[in-house]
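Subject: Structure handover

Hi,

Here is the structure I said I would pass on. Please load it before reading further, then go through my notes below.

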Amino acid sequence: MSDKKVSVEFVEDVALICIDNPPVNASGVAVRQGLVAALSEIKEAGRTKAIGLYCAGRTFVAGADITEFGKPPLEPLLPDVCNNLEDFETPIVAVIHGTAMGGGLETAMGCHARVAVPTAKVGLPEVLLGVLPGAGGTQRAPRLSGIPNALDLILSGRHVPAKEALEMGLIDRIEEGSIREVALAAARDVILGKLPTRRTCDLVTPRDDAALEAAMAMVQKKHPHLISPQKCVEAVAASVGDFKQGLATERAAFMACLPSAQSKGLIHAFFGERAVANIPEKKAQARHVAALGVIGGGTMGSGIATSALMAGLSVTLIEVTQEALDRGVATISANLDGAVKRGKMSDAKRDAALGRLTASTDMMTLADADLVIEAVFEKMEIKKDIFAKLDGICKEGAILASNTSYLDINEIAAVTKRPADVLGLHFFSPAHIMKLLEVVVGTQTAPEVVATGFALAKTMRKVAVRAGVCDGFIGNRILGHYLKAGSYLVLDGAHPYQVDKALERFGFAMGPHRVGDLAGLDIGYMTRKRLAPTRPTEERYGGAIADQLSENGWNGRKTGKGYYVYDGRETHENPDLNVILDAERTKAGCAPRTFSDDDIVDRYMTAMISEAARVVEDGIALRPVDVDVVFLMGYGFPRFRGGPLHYADSIGAAALVERIESYAKEDAHYWQVPALLQQMAESGSTFADMNKGR
Ligand code: 3H9
């Protein structure tokens, strides 16, 4: 077998170029060299009248090889390869299957015609990696499909189905069949004049200043932190003029984005979401899960059931009373209606999903379930009672999972005779929308049970992260710690609105007080009460202000008042907040001082990083990147910053240790240097180093 990434096959007067670079035919240097060599070979052979360019395996080229980003560029560069294809004297038709993304679609647009199979999708998702189409995409897409379509494609990064791509003018024809045969037939049609060809660079982009202005205003409003969306608009604007000049504008914009911290953060997030699947149990055989039981029809249980139904599973929902059960079913039904409205599923699919739902007040109906997820009130005694019952009811080999956010999975497993079949599956609310799933592995959880948790996540289109057992696992444990830093900031004089604004400027969609209001301040209140007996005496109590809000019945958005006041869709300042701030600061003996926005962000982030380092040190998270993915997918951490520990590397361990030591002068109990960070500061190593090879 040849290890060539690109091969040429001559069939009479047609040449077929096949790219074969698994898994996704990324256009790395070997592919680029192969394409150039293929063109030379065809030219030398001299008898070819048309060329079909297609890919082996599951997809057309999925883009430039992202692993090459940030390394010294290797020639030939992709923009030059696309230009070579376009300039080639013999017409080339690209034949697309799978997902032609980024540099893949750009390669196809460099060809002289495009044919796709009906299931193919195309897209220019570079903006999601903090860059822009840099191989002519910003110049060729508007020439083929007009400025509004090109802007939509480039700014959203969405995957466009073949039919829509045809309507947009990005492709010329849809054909069914095996990919090589479609390529051969398409090339023959080119020779017969049945499939017209042209050079994309010869087309003219119709002017549309209004669309460009609207797009620029939109990106400035929606993505004020990001560089690349604006650069995308600037590059598309240049497509109205001379092609070569447009390419130069695009190249300059691409090179301005590529080395940016934002692009590095977004690329870390892309690979991180995939790296978390690399778990010690990955070789274990997952058990078959088709029938799911969900206990509890509240927001969490209904969301989990919705998500499972949307993924094609059968679900049995259990509640204690008929009334609660009806409420649960109504919530699921409303969730599914919402999915139809958002275009996520058709009416027919919604009806089929509801048809797979069984609702019962009798736990015995779970006897045949393959996996049961308990999602009831967070009380250990209630959970233990349920698990003991489930153990008696469920068939042998059925997996029992708890959706607890912080309780000890080992303690829950201990009430069953099957602790190896027990694990935590911690979904995030709303569970049918949020993509994160913490798979919490107890000391006795069997490898195949962990593998089943990961397989279930994949079926439900979620990103699973492996977590060990501790109070709060990865995410909520870290959250619990840094929210204290936020509360100390407010006790010491920072205003909650200033804290929110500073962190929103850093990139969080919402500051912690807005989030608290949205989630319900009663949740934090109950957690503080639960943890009060175990709170160390040396620990400073920061919860008094939030406690007072809850005790006034101001639990946030759902009560119309919290840190803010809610009037329909409008949010206003709470005029009573300052009185509470003054009173509680006085009670705590705090003389308010001022904090700069930077100081607020530094303290908040240092607290987050400290506990994240401990979570890695304790083995609760497998690697730093697992923490990053949890925060990106479940806690609204700004994606362009790559996650707390990727961000930590930009500060450096030594500087972080220095910060903690200076804060510790005020509060030596709270601000302690994690051993891992100390060690990293001494050795000059990074969290990125720890991610390598694990
Ligand atoms: C670009 O093109 C820039 C140009 O405009 C200009 C250049 C000058 N490179 O996602 P999966 C790996 S920027 C390297 O699990 P799926 C991935 O990490 C690029 N590796 O499969 C994984 O590795 P592992 C624009 C890549 O079927 C494996 O392939 N293109 C690349 O669920 C399988 O991936 C994009 O942004 C890559 N480009 O989804 C598209 N892509 O097995 C990025 C994937 O070790 N890719 N890998 O974990 C995707 O969106 C999805 O991979 C795709 C397939 C939808 C294609």
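This is a predicted model: local features need pLDDT of at least 70, side-chain atom pairs count only at pLDDT 80 or more; totals for chains, interfaces and linings use all residues.

Salt bridges

The search of the whole structure gave 47 salt bridges. Here are some others from that search.

Arg173 pairs with Glu175. The closest N and O atoms there are 3.6 Å apart, inside the 4 Å limit for a salt bridge. The two ends fall into separate classes. Arg173 has a relative accessible area of 18%, so Arg173 is buried. Glu175 has 30% relative accessibility, so Glu175 is partly exposed.

Arg614 and Glu611 also meet through their side chains, at 2.7 Å from N to O. Both sit in helix α24, which covers residues 597–617. They are three residues apart, about one turn of that helix. Are they buried or exposed? Arg614 is buried, at 16% relative accessibility. Glu611 is buried too, with a relative accessible area of 9%.

One group goes beyond a pair. Asp337, Asp347, Arg350 and Asp351 are joined in a network of salt bridges.

Met608 has a relative accessible area of 0%, so Met608 is buried. Its C-alpha lies 7.0 Å from the C-alpha of His481. In sequence, Met608 and His481 are 127 residues apart.

For another pair, take Ser7 and Val240. They are 233 residues apart along the chain, and their C-alpha atoms are separated by 36 Å. Ser7 belongs to strand β1, residues 6–11. Its relative accessibility is 35%, so Ser7 counts as partly exposed.

Helix packing

Which two helices cross at roughly 50°? They are α12 (residues 299–310) and α13 (residues 322–341), and their axes come within 9 Å. That angle makes α12 oblique to α13. The crossing of α12 and α13 is right-handed.

Backbone points to check

- Pro22 to Pro23: the peptide bond is cis, with omega near 0°. Pro23 is in the loop between β2 (14–19) and α1 (29–45).
- Ser429 to Pro430: this peptide bond is cis, with omega near -10°. Pro430 is in the loop between β15 (422–427) and β16 (436–440).
- Arg461: phi is near 55°, a positive value in a residue other than glycine. Arg461 is in the loop between α17 (447–459) and β17 (463–467).
- Phe473: phi is near 55°, again positive in a residue other than glycine. Phe473 is in the loop between β17 and α18 (475–491).

How do the last two stand in terms of cover? Arg461 counts as exposed, because its relative accessibility is 61% and exposed means over 50%. Phe473 is buried, with a relative accessible area of 0%.

Surface

Which residues make the nonpolar surface patch of about 290 Å²? They are Phe377, Ile382 and Met526. Ile382 is located in helix α15, residues 380–393. At 36% relative accessibility, Ile382 counts as partly exposed. That value also passes the patch cut-off, because patch residues need over 30% relative accessible area.

Those are my notes. Over to you.

Best wishes

Definitions and conventions:
Residues are numbered from 1 along each chain as its sequence is written. Side-chain values use heavy atoms; hydrogens and water are left out. Patches are made of residues with over 30% relative accessible area and no salt bridge: like charges are joined within 9 Å, nonpolar side chains (Val, Leu, Ile, Met, Phe, Trp, Tyr) within 5 Å. Accessible areas come from the Shrake-Rupley method with a 1.4 Å probe; for residues, only the protein chains shown count as cover. Helices (H or I, at least four residues) and strands (E, at least two) are DSSP runs, numbered from the N terminus. Buried means under 20% relative accessible area, exposed over 50%, partly exposed in between (1.4 Å probe, protein chains only). Axes are lines fitted to C-alpha atoms, for helices over the stretch in contact, and angles run from 0 to 180 degrees between N-to-C directions. Angles under 35 degrees count as roughly parallel, over 145 as roughly antiparallel, 65 to 115 as roughly perpendicular and the rest as oblique. A crossing is left-handed if the near helix is turned anticlockwise from the far one by less than a right angle, and right-handed if clockwise.
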